[in-house]
Amino acid sequence: MKILSNITETGAACRCERAKGGRLGLVPTMGALHEGHLSLVRAAKAQCDTIVVSLFVNPTQFGPTEDLAKYPRSFDRDCELLEREGVDILFAPSTEEMYRKGEGTWVVVEGLSEKLDGRSRPGHFRGVTTVVSKLFHIIEPDVAFFGQKDAAQSAIIRRLARDLNFPVEIVICPIVREPDGLAMSSRNAYLNPDERQRALALHRSLSRVEDEFRAGERNAARLIAAATKVFAPEPQIRLDYFEIVDPDTLDPVERIEHLALAAVAAYVGSTRLIDNLILNPKK
Ligand code: AMP
């Protein structure tokens, strides 16, 4: 695996790979890799000839009071894992390499970036769409792989690629969970054993919605009420949102007649976790 930190060299290496005629797949990450990330790499391996992973803890997607400084970092272990998966190029730039002094250009997907996580994390999606646009320009992937775990992000990236005519196919991969149902996340490392147990409430709230939905409930307000009840006996958890929305527009739905996204975000202690579930009335 080639490990590169320079933008020009990375662009050249990717062009060289693409000249061979195969498909180039990109998996963007912030490192501290787990099975969720590796599932994206494996999906990329199955569909592409050259695999590029980016590892960059992007400061512009963190708010001023968020966890940028303490975000988990495990570069050597990440390299070993990616090498084992057969990744061809790891692009791991410094902040100075990605953001030159005085840079003032942003990419914003208006209409979506203020919804769900964007409401409680102002500026977050602007950071995401700006850095992903940069990665698309530097690497020029044929296919880029993202996780359903970050459902709002997935909708926003799909819209970004469409609106700015990036010639890239966006593939969204399913959520990978721990055996007890907790969605894998680099931020799970912040949880102490008690919080780790309590964090299961997110998955439980989605399972409750799934059960009621399967039993025929289609009214979003009633499903949300059932989900929020799960958090009532959990004073250590602060629910940020539980919403049922259209998976493309992220607008709330009242009755579930088409595919809908049930999405939850909650603070377990001081750790903000997210999870979600797709509801399909045709299934
Ligand atoms: P991150 O390093 O948290 O920015 O995540 C990098 C990519 O991995 C994003 O596209 C995430 O949606 C995806 N991802 C993170 N956790 C999971 C998971 N548990 N299952 C599937 N994909 C995930």
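Ala, Val, Leu, Ile, Met, Phe, Trp, Tyr, Cys and Pro count as nonpolar, Asp, Glu, Lys and Arg as charged, and the others, Gly among them, as polar. The model shown here is predicted, so local features need pLDDT of at least 70 and side-chain atom pairs need pLDDT 80 or more, while totals for chains, interfaces and linings use all residues. Residues are numbered from 1 along each chain as its sequence is written, and side-chain values use heavy atoms, with hydrogens and water left out.

**View 1**
Let's begin with a space inside the protein. A cavity is a set of points on a 1 Å grid, over the protein atoms alone, where a 1.4 Å probe fits but cannot get out, and its lining residues have an atom within 4 Å of a point. A search of the whole structure turns up one cavity of 30 Å³ or more. The largest cavity holds about 50 Å³ of space, a volume being the space filled by probe spheres set on grid points that are joined across faces, edges and corners. Which residues line the largest cavity? They are Lys149, Leu182, Ala183, Ser185, Asn188, Ala199, Leu202, His203, Leu273, Ile274 and Asp275. Helix α9 (200-214) and strand β9 (271-279) are the elements that give two or more residues to this lining. Here helices (H or I, at least four residues) and strands (E, at least two) are DSSP runs, numbered from the N terminus. Strand β9 gives the largest share, three residues. By class, the lining of the largest cavity has six nonpolar, three polar and two charged residues.

Now look at the ligand, which is surrounded by 17 residues. His37, Gly147, Asp150, Val176 and Met184 are the closest. Strand β2 (24-29), helix α2 (35-47) and strand β5 (143-147) each provide at least two residues of the shell, and the largest share, three residues, belongs to α2. Sorted by class, the shell around the ligand contains nine nonpolar, six polar and two charged residues.

A polar backbone atom of Met30 is 2.9 Å from an oxygen atom of the ligand. Gly147 also places a backbone N or O atom 2.9 Å from an oxygen atom of the ligand. At Val176, a polar backbone atom is 2.9 Å from a nitrogen atom of the ligand. How much of the ligand does the protein bury? The ligand taken alone exposes 480 Å², and the protein buries 92% of that; these areas come from the Shrake-Rupley method with a 1.4 Å probe.

**View 1. The second largest pocket.**
A pocket is an open set of grid points with protein on both sides within 12 Å along at least five of seven lines. The second largest pocket has a volume of about 210 Å³. Its lining is made of Glu210, Phe213, Arg214, Arg218, Leu259, Leu277, Ile278, Leu279, Asn280 and Lys283. The lining of the second largest pocket divides into five nonpolar, one polar and four charged residues. Glu210 belongs to helix α9. Is Glu210 buried, exposed or partly exposed? Glu210 counts as partly exposed because its relative accessible area is 26% (under 20% is buried, over 50% exposed, and partly exposed lies in between, with a 1.4 Å probe and protein chains only). The C-alpha atoms of Glu210 and Glu96 are 45 Å apart in space, and these residues are 114 apart in sequence.

**View 2. Two residues with a positive phi.**
Most residues other than glycine have a negative phi. Ala32 is not a glycine, yet its phi is positive, about 50°. Ala32 sits in the loop between β2 and α2, and it is buried, with 13% relative accessibility. Asn165 has a positive phi too, near 55°. Asn165 is in the loop between α7 (151-163) and β6 (169-173) and is exposed, with a relative accessible area of 63%.

**View 3. Two pairs that are separated along the chain.**
Val27, in strand β2, is buried because its relative accessible area is 0%. Where is Phe145 in relation to Val27? Phe145 is 118 residues from Val27 in sequence, but their C-alpha atoms are 5.2 Å apart in space. Ala151, in helix α7, is also buried, at 9% relative accessibility. Ala151 and Pro247 are 96 residues apart along the chain, with 7.8 Å between their C-alpha atoms.

How values were computed
Near = heavy atom within 4 Å. Polar contact = N/O pair within 3.5 Å; in protein donor to acceptor, adjacent residues only side chain to side chain.
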